[in-house]
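Subject: Structure handover

Dear colleague,

Here is the structure I said I would pass on. My notes on it follow below the entry.

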Amino acid sequence: MSTLKVNRQDIRKIISENFNDTDIRFSNDEILGYLNQMDRYRPMNLDVLDFEDILLEMEGSGFLRPIAQNFNTRYYKIMTDLVTRSCKDCGVVSWFADAEEPKLCPQCRSANLG
Ligand SMILES: [Zn+2]
C-alpha cells in the first residue's frame, strides 16, 4: 500500500464541516481548496490526484456518491447524512455515512468503532 500524502481523517473532516448535507454538490477541487488552507498541506502544492485514491475508496465504501466528472474535476454528494463514531483503538472521532461498509477508522484502519 502506498503512503498517502493526505490524511483520510482530514478529508472526512473537511466534508463533514463544509458539505454535510445530501443536497450539496461539491468537487475534489473544493476539497483541495480547504486542504491548501491547512498549515501541514500548504507547502506541498497538492493536486487533486494526490487524494484521488482516498475519494475512490470513499465511493467504494458508500460515503461518497459520484455525480459527474469533467477532466480531473469530480463532483460528489454525500450518500446519506453523516454519523460520528469513535475508534476504540486510537480514540479518533470521525464521520461516516450511515450505511457505509466497511466503516474503518481513517487514522489506524481499525474496524473497532464505538
Ligand atoms: Zn483508530
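A residue is called buried here if 20 or more other C-beta atoms lie within 10 Å of its own, exposed if 12 or fewer, and partly exposed in between. On that count, 25% of the 114 residues of the protein are buried. Please keep in mind that this is a predicted model.

Overall layout

The protein has three helices and five strands. Read from the N terminus, the order of the elements is α-β-α-α-β-β-β-β. The radius of gyration is 13 Å, close to the 13 Å that the globule rule gives for 114 residues, so the protein is as compact as a globular protein of that length. The C-alpha trace spans about 35 × 30 × 25 Å along its principal axes. Of the contacts between residues at least 6 apart in sequence, 46% join residues at least 24 apart.

The sheet

Strands of a sheet pair through backbone hydrogen bonds, either parallel or antiparallel. In this model, three strands make an open sheet in the order E1-E3-E2, and the pairing is antiparallel. E1 (26–27) and E2 are the edge strands, each pairing on one side only.

E2 (residues 64–70) and E3 (residues 73–78) run antiparallel and are joined by six bridges.

For E3, the covered face consists of Arg74, Tyr76 and Ile78. The uncovered face of E3 has Thr73, Tyr75 and Lys77.

The helix pair

Two packed helices are described by the angle between their axes and the distance between the axes. For H1 (residues 8–18) and H2 (residues 28–35), the axes come within 10 Å and cross at roughly 105 degrees. Angles of 65 to 115 degrees count as roughly perpendicular, and H1 and H2 are therefore roughly perpendicular to each other. H1 contributes Asp10, Ile11, Ile14 and Asn18 to the contact, and H2 contributes Ile31, Tyr34 and Leu35. By type, the residues of this contact are five nonpolar, one polar and one charged.

Ser61 lies in helix H3 (residues 52–61). With 17 other C-beta atoms within 10 Å, Ser61 is partly exposed. Which residues does Ser61 contact, leaving aside its neighbours within four places in sequence? They are Glu100, Glu101 and Pro102. Two of these residues, Glu101 and Pro102, are joined by a cis peptide bond, with omega about -5 degrees. Pro102 belongs to the segment after E5. From Ser61 to Val83 the separation is 22 residues in sequence and 14 Å in space, C-alpha to C-alpha.

Val92

Val92 sits in the loop between E4 (82–86) and E5 (93–97). It has 17 C-beta neighbours inside 10 Å and counts as partly exposed. Apart from neighbours within four places in sequence, Val92 is in contact with Gln9, Cys87, Cys105 and Gln107. Val92 and Thr22 are 70 residues apart in sequence, and their C-alpha atoms are 24 Å apart in space.

Further positive phi values

Asn45 is in the loop between H2 and H3. Its phi is near 50 degrees, a positive value in a residue other than glycine. Asn45 is exposed, with 8 other C-beta atoms within 10 Å.

Arg109 is in the segment after E5. For Arg109, phi is near 70 degrees, again positive in a residue other than glycine. Arg109 has 13 other C-beta atoms within 10 Å, so this residue is partly exposed.

Regards

How values were computed. Residues are numbered from 1 along each chain as its sequence is written. This is a predicted model: local features need pLDDT of at least 70, side-chain atom pairs count only at pLDDT 80 or more; totals for chains, interfaces and linings use all residues. Helices (H or I, at least four residues) and strands (E, at least two) are DSSP runs, numbered from the N terminus. The radius of gyration is taken over C-alpha atoms; the globule rule is 2.2 Å times the number of residues to the power 0.38. Two residues are in contact if their C-beta atoms, placed from the backbone, lie within 7 Å. Two strands pair if DSSP finds at least two bridges between them. Axes are lines fitted to C-alpha atoms, for helices over the stretch in contact, and angles run from 0 to 180 degrees between N-to-C directions. Angles under 35 degrees count as roughly parallel, over 145 as roughly antiparallel, 65 to 115 as roughly perpendicular and the rest as oblique. Ala, Val, Leu, Ile, Met, Phe, Trp, Tyr, Cys and Pro count as nonpolar, Asp, Glu, Lys and Arg as charged, and the others, Gly among them, as polar.
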